[in-house]
4 protein chains.
Amino acid sequence: MLDTAKIVNDPVHGFVRLPAGRVLKVLSHPIVQRLRRISQLGLAHFVYPGATHTRFLHALGVMHLADEALSILSRKGVKLSKETWEAVLLAALLHDIGHSPFSHSLEKYILPLSHEEIGYACLSLLEDSVGTLTEVRSLWEGDHPLTFLCELIASQLDVDRLDYLVRDSFFTGVQEGLVGTERLIHTMTVVNNHLVVEEKGQNSAEKFIVTRRFMYWQVYLHKGVLGAEWLLQRWWRAMEVAAPPFFLESRKKLSEQGIPYFLRIDESTLWGWIHYGVESDFLPLRVLSRALLERIPYKLRPIVEQESYLERERWLNSLSPHLRPWWEWFWAEGWAESKAYEPSSGKDIYILTKGGDVKALVELSPWLPALNEPMRRFFAGGIPAAFLEWLSR
Amino acid sequence: MLDTAKIVNDPVHGFVRLPAGRVLKVLSHPIVQRLRRISQLGLAHFVYPGATHTRFLHALGVMHLADEALSILSRKGVKLSKETWEAVLLAALLHDIGHSPFSHSLEKYILPLSHEEIGYACLSLLEDSVGTLTEVRSLWEGDHPLTFLCELIASQLDVDRLDYLVRDSFFTGVQEGLVGTERLIHTMTVVNNHLVVEEKGQNSAEKFIVTRRFMYWQVYLHKGVLGAEWLLQRWWRAMEVAAPPFFLESRKKLSEQGIPYFLRIDESTLWGWIHYGVESDFLPLRVLSRALLERIPYKLRPIVEQESYLERERWLNSLSPHLRPWWEWFWAEGWAESKAYEPSSGKDIYILTKGGDVKALVELSPWLPALNEPMRRFFAGGIPAAFLEWLSR
Amino acid sequence: MLDTAKIVNDPVHGFVRLPAGRVLKVLSHPIVQRLRRISQLGLAHFVYPGATHTRFLHALGVMHLADEALSILSRKGVKLSKETWEAVLLAALLHDIGHSPFSHSLEKYILPLSHEEIGYACLSLLEDSVGTLTEVRSLWEGDHPLTFLCELIASQLDVDRLDYLVRDSFFTGVQEGLVGTERLIHTMTVVNNHLVVEEKGQNSAEKFIVTRRFMYWQVYLHKGVLGAEWLLQRWWRAMEVAAPPFFLESRKKLSEQGIPYFLRIDESTLWGWIHYGVESDFLPLRVLSRALLERIPYKLRPIVEQESYLERERWLNSLSPHLRPWWEWFWAEGWAESKAYEPSSGKDIYILTKGGDVKALVELSPWLPALNEPMRRFFAGGIPAAFLEWLSR
Amino acid sequence: MLDTAKIVNDPVHGFVRLPAGRVLKVLSHPIVQRLRRISQLGLAHFVYPGATHTRFLHALGVMHLADEALSILSRKGVKLSKETWEAVLLAALLHDIGHSPFSHSLEKYILPLSHEEIGYACLSLLEDSVGTLTEVRSLWEGDHPLTFLCELIASQLDVDRLDYLVRDSFFTGVQEGLVGTERLIHTMTVVNNHLVVEEKGQNSAEKFIVTRRFMYWQVYLHKGVLGAEWLLQRWWRAMEVAAPPFFLESRKKLSEQGIPYFLRIDESTLWGWIHYGVESDFLPLRVLSRALLERIPYKLRPIVEQESYLERERWLNSLSPHLRPWWEWFWAEGWAESKAYEPSSGKDIYILTKGGDVKALVELSPWLPALNEPMRRFFAGGIPAAFLEWLSR
């Protein structure tokens with residue numbers, strides 16, 4: 001176990017210890033501090049006003065759970081060098097380092113790269129300050145010789161998921177999202193270099209999968225949240241069309257400097273642009289900017305895709321003539337889907353039975369895949385006409 | 001809404017208000033106060049040492065949730081007379097009044113009556129003190145003209161279940177048992193005289209069913225808990241065989257006086273008998289009594305029924321010769337099963353869709369019945385030989 | 001009680017109901033929505049990373065507690081018209097409407113007005129949309145004929161304090177900040193037109209005062225938090241000295257348009273300016289801007305004021321020559337003080353004894369004023385030299 | 001750190017690990033298992049119906065906190081042998097082993113010995129099973145060479161107090177009783193062989209003292225709780241007067257066999273006696289027994305001692321003639337007092353300042369002793385006449 005340098009209060013996990021050494025150095029790096037200005041759930045606070053927690057806090061939480069898991073595994077006889085222990089903490093802490101402002105909502109919009117691609121680039125930038133991060137990279141890539149550590153960082157039951165379910169539950173106030181994080185971590189063990197859950201944790205593992213599905217519909221794909229995220233994406237398109245000078249300059253720098261410039265853009269930057277949009281001559285940008293500032297998302301409803309035209313007609317008819325030409329900016333439709341659990345993909349949670357066998361959870365709980373079916377829904381809706389009038393004045 | 005007479009602290013729901021009038025009178029009746037000496041979960045505290053909460057506290061909680069539900073329904077336009085409101089609170093408060101000491105474990109052992117049968121008899125006894133309880137009776141029997149009130153008291157999603165899931169979760173420390181009680185109650189409404197859940201509560205209703213299933217395996221049918229309950233039942237049989245004078249006398253009075261005498265027996269009475277058992281000449285009673293006092297339950301394992309004889313052989317071979325003749329007292333096997341959700345029975349939770357239709361939850365969430373399959377498990381095991389030596393000294 | 005229009009999840013109080021009518025209209029007004037971009041605790045998240053909750057959420061919470069208190073008072077026989085009930089909710093909801101970005105840290109910096117003065121101006125602006133708010137104004141000014149309602153909104157034990165203590169405790173993770181909000185509200189009653197606490201709430205009222213004092217030192221005046229707030233204030237001064245064009249223009253508009261322009265400035269605006277500061281030619285602005293982005297506050301220590309020069313000398317000697325000329329920008333010292341409880345001011349919490357008398361809490365708990373003494377501390381410290389090197393590169 | 005053998009769910013602290021070796025052996029000993037049938041707070045559940053938690057659960061919690069504290073101290077460089085670590089856990093686990101049924105209420109009634117005296121005797125009994133416990137004894141007696149370990153077990157800020165405050169708060173539902181256990185334990189360190197709290201824990205230490213005082217009045221010395229405890233003590237006296245045969249026999253065995261026989265008496269035994277009391281010919285015993293079963297305590301009020309005769313007269317006049325001769329059994333009066341904090345006794349909490357000095361908390365927080373003044377109150381009251389009629393029928 002690494003020595004403790006500092007302790008930080010996390011309302012979710014209690015006291016989180018920050019080990020001395022490279023972890024503390026990485027933590028204070030501007031690239032990591034930037035995560036303080038990236039919200040964990042984008043615009044979900046439109047629906048759940050408590051959900052203003054940041055990627056930074058989540059990153060601390062994931063690191064904490066990794067540290068807890070390693071402590072428990074080491075008490076069960078797993079031996080790790082200090083270097084590897086530190087690498088696991090760093091791999092956990094940095095796992096989301098490449099996220100855009102508003103997290104998933106604008107991923108690939110600002111730069112045409114996934115957050116994983118940006119994450120690897122960040123690792124290289126950090127190496128200039130803190131030395132080689134080869135072991136972190138191999139934990140991310142899944143080719144570290146201690147496979148169970150890779151699984152701790154990224155798998156069906158990794159510390160990322162364990163943290164975000166309980167954390168998002170805490171800050172949204174959706175109590176049903178609580179999972180038995182502590183139990184799951186206490187029942188983890190290592191068999192044949194793989195991370196498995198002891199049989200007494202099987203119920204909790206099942207519960208974890210069900211809860212994750214629940215949180216998708218109740219929070220991540222809530223129609224109000226989707227309506228806000230789609231609004232933000234459309235706003236970005238309007239910005240590209242209006243193309244004000246500062247935006248063009250920013251895009252130029254992005255293409256010239258790439259990731260280092262990207263990392264200077266955070267949510268305050270974007271909100272600054274939204275404020276500018278309010279004064280644009282381009283009506284859609286003006287309306288969408290104000291809609292973001294005044295919390296007026298697309299009012300989506302789950303419907304049958306084939307019937308979306310009916311909804312749309314009804315809404316179109318409510319618009320006043322001067323707004324109709326712009327209607328496509330103020331209407332949204334599309335699919336939302338989530339995969340709570342995909343044992344078919346060859347990835348599953350593995351259970352160590354009392355008899356000593358390792359079995360896939362899907363074998364022990366054959367009802368679980370049934371959960372997967374209806375995880376796709378079609379939504380459509382527009383900004384209500386009365387609000388559009390107000391926003392376009 | 002009834003006037004508040006007193007307020008009581010409930011660690012689960014916060015402040016519970018006790019309305020003036022008949023509720024307060026019933027609450028202070030010896031028949032209800034007796035529930036202070038009946039534990040909610042029998043011997044589950046053998047496994048979860050915090051689970052010492054009583055039927056009395058649960059009864060308060062159920063009444064509180066009923067009161068909350070009526071407040072919310074009345075804000076949605078449901079009109080109720082004060083008499084009916086009070087009757088609903090009493091029906092909730094008294095729903096478990098007929099429970100034996102150790103609740104389900106010894107049901108029908110002390111008197112050959114179910115707790116519902118005893119409950120009706122208690123109602124008659126209470127009427128001597130507080131006047132007619134006809135409306136309570138009709139709420140229990142399901143023939144009250146306001147059907148939704150019957151459903152609030154007893155259905156797939158009644159205030160009983162809403163309270164016990166969250167309460168048992170709280171006291172055992174099994175956090176995964178939390179359900180969104182508050183959300184479910186806030187989304188209840190009445191359509192065509194039936195209690196339904198608004199669509200925005202559908203996720204929570206699904207979650208409720210899954211959680212209930214979870215709590216069955218994690219708590220109610222936990223093998224350690226089963227091992228303790230079966231031990232208690234076997235202890236009762238040993239008592240019947242040994243038949244000490246005070247026990248015979250008590251049985252005589254039970255058959256003569258019936259329920260009024262039954263109601264004077266609580267868990268302290270039974271523990272008193274267990275203390276006596278320690279000094280019995282009948283070895284099985286002596287061993288089982290000490291096993292209860294020293295928390296040494298049958299050590300059960302889930303196995304295939306056909307293989308139980310293998311387990312048994314192995315265990316039998318470990319016993320010393322002087323104990324073998326008594327082996328049947330110290331070995332247990334049997335099925336445990338639970339029905340989390342049975343839409344097939346014609347009873348389901350009903351959802352009021354945004355479109356105004358009422359649909360069974362099973363239609364909207366066709367994966368739910370899949371949960372039902374593996375809810376039956378066979379367990380077998382004995383008191384470990386080393387402990388038997390100790391207990392029989 | 002007003003009809004419920006919507007329900008919102010608050011992780012602190014659970015479900016918060018939003019009544020139909022003017023409350024909903026006010027809530028969706030841009031002036032109120034702006035509070036979503038004002039943090040409740042300024043830069044306290046530098047120390048407590050969970051503390052990213054907003055003034056908007058706090059405003060909802062205060063309104064909720066006011067609604068709860070009115071419900072309880074009305075069950076105790078206090079009669080209120082619907083108009084007055086709504087006015088109380090609005091007075092609660094809007095009580096902080098005039099706050100600057102970063103709340104108290106920059107109060108009077110952007111406009112030379114207190115948040116109360118701006119609050120009254122906001123009321124006038126809102127009246128254009130929702131009609132007269134005269135009763136709200138009289139509740140704020142304390143001259144409403146129902147004095148107890150004024151006290152509910154602003155007094156030693158008002159719903160503002162009840163909400164922020166428990167909320168700040170929740171989001172910082174400082175569990176000791178919890179107060180018995182529910183108990184205090186349940187024990188409120190009205191005597192001679194004044195709000196008083198029934199004797200059974202006296203312990204909780206004492207506890208509330210002690211807790212408030214605790215939260216001052218543990219959170220609001222934590223040296224890390226002070227170090228961040230002073231940094232922000234100094235950054236503003238640097239901005240005034242550097243005076244970049246956009247800043248001058250903004251000041252011009254502020255002086256021309258006043259409050260309506262002020263209300264378009266939120267924390268994202270300020271963070272945008274901080275981003276600009278990074279590229280300034282003025283070294284102090286550059287350093288302080290980066291210090292804010294990278295979370296490097298003044299490292300304060302509580303010391304005796306007379307000895308601050310010693311601290312300062314030590315720190316100055318550690319600076320490299322090129323930074324010394326600018327030292328005053330990077331060093332901070334001053335007093336922090338808090339008044340937990342000031343019964344001497346003629347304002348106290350009043351207790352209704354069982355005997356029917358109303359007594360000031362200070363009479364019943366004469367030890368309380370002792371709490372007041374040491375609520376003043378002197379702090380001094382600078383940005384550590386090593387960090388200054390880094391920031392000024 | 002000791003290896004983990006088992007894990008137990010504690011609703012307060014989460015997962016509590018039980019180390020292999022002697023701890024597990026001691027834990028399963030009948031003397032310790034007996035604590036499952038001793039409630040932590042006696043009859044406090046008369047007022048707080050959730051407070052049915054046991055001494056057993058508290059003992060586990062104290063051991064857990066001791067284990068946590070040792071882990072944290074060892075990360076700060078304190079070295080301990082495995083034997084000493086185990087001894088500390090045992091000293092914590094067993095600290096309340098000598099408690100009577102109903103804890104403090106009946107201390108010295110059943111046997112004329114304090115719970116500490118009985119505790120030492122229990123230690124000797126346990127040594128027969130698990131070997132020498134000399135080191136545990138020296139930790140209790142305060143003469144262990146590592147003084148800070150003695151202080152961890154028994155001092156103004158020991159793990160006993162840290163556990164019971166938070167636990168009693170949890171089970172009563174009195175949220176204000178929460179203390180920052182985690183913070184306090186994390187800020188403990190050792191200076192000159194003494195346990196001290198680092199300066200950053202000073203606020204929490206102050207808060208701990210204030211909270212303890214609060215819990216005294218809100219729970220431990222609540223007039224309803226006192227009324228129940230005094231009832232129980234009076235009931236014991238009535239039993240001594242009535243002296244039924246089984247009681248005489250039990251007393252005889254107590255005087256012959258002493259502590260081993262005492263340890264077979266638990267709360268179920270006492271409740272059994274209360275049940276017998278209901279059928280006694282001795283009216284006071286009959287009434288008091290029923291009062292306990294039906295939860296009808298003395299109805300106490302805090303008054304000036306000199307005026308108790310007025311209260312008594314008023315109450316006496318309400319009694320019917322046939323009850324007056326027995327009045328002394330049904331009336332109670334006396335002092336209750338608590339000492340939250342007694343720095344004057346030479347025992348205080350010590351703070352390690354940032355400057356490296358160790359100071360008594362009373363020096364740093366001179367307002368603390370003011371808390372001590374009004375911790376004594378006189379109470380008087382009787383069983384209400386109407387209830388007496390009912391109980392004596």
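Which residue in β7(C) is the bridge partner of E198(C)? The legends below start there. The model is predicted.

**View 1. E198(C) has its bridge partner in β7(C).**
The partner of E198(C) is L352(C). Two strands of chain C pair here: β4, residues 194-198, and β7, residues 350-352. They run in the parallel sense. Two bridges join them.

**View 2. Four strands of chain C form an open sheet.**
The strand order is β3-β4-β7-β8. The pairing is mixed. β3 (188-191) and β8 (358-360) of chain C stand at the edges. Each edge strand has a single partner, so one side of each is left without a neighbour in the sheet. Neighbouring strands are turned against each other by 45° on average, direction ignored.

**View 3. Chain A is built from helices and strands.**
Its secondary structure comes to 19 helices and nine strands. Along the principal axes, the C-alpha atoms of chain A fill a box of roughly 75 × 50 × 35 Å. The radius of gyration of chain A is 23 Å. A compact globule of 393 residues would have a value near 21 Å, so chain A agrees with that expectation.

**View 4. Helix α10 of chain A meets helix α10 of chain B.**
In each chain this helix covers residues 202-220. The two axes come within 11 Å and cross at roughly 170°. Angles over 145 degrees count as roughly antiparallel, and that makes α10(A) roughly antiparallel to α10(B). From α10(A), the contact uses N203(A), K207(A), V210(A), F214(A), W217(A) and Q218(A). From α10(B) come N203(B), K207(B), V210(B), F214(B), W217(B) and Q218(B). By class, this contact has six nonpolar, four polar and two charged residues.

**View 5. Chain C touches chain A.**
Chain C brings 31 residues to the contact, and chain A brings 30 residues. β1 (4-10), α2 (30-33), α3 (55-75), α8 (159-172) and α14 (267-277) of chain C each supply at least two residues. α14(C) gives the most, with five residues. The side of chain C that touches chain A divides into 13 nonpolar, twelve polar and six charged residues.

**View 6. Chain D touches chain B.**
This contact takes 31 residues from chain D and 30 residues from chain B. On the chain D side, the elements that give two or more residues are β1 (4-10), α2 (30-33), α3 (55-75), α8 (159-172) and α14 (267-277) of chain D. α14(D) gives the most, with five residues. The residues on the side of chain D that touches chain B divide into 13 nonpolar, twelve polar and six charged.

Definitions and conventions
Residues numbered from 1 in each chain as written. Chains lettered and ligands numbered in written order. Predicted model: local features only at pLDDT ≥ 70, side-chain atom pairs only at ≥ 80, totals over all residues. Contact = placed C-beta atoms within 7 Å. Nonpolar A, V, L, I, M, F, W, Y, C, P; charged D, E, K, R; others polar. Axes fitted to C-alpha atoms, helices over the stretch in contact; angles between N-to-C directions. Parallel < 35°, antiparallel > 145°, perpendicular 65-115°, else oblique. Pairing = 2+ DSSP bridges. Rg over C-alpha atoms; globule rule 2.2 N^0.38 Å.
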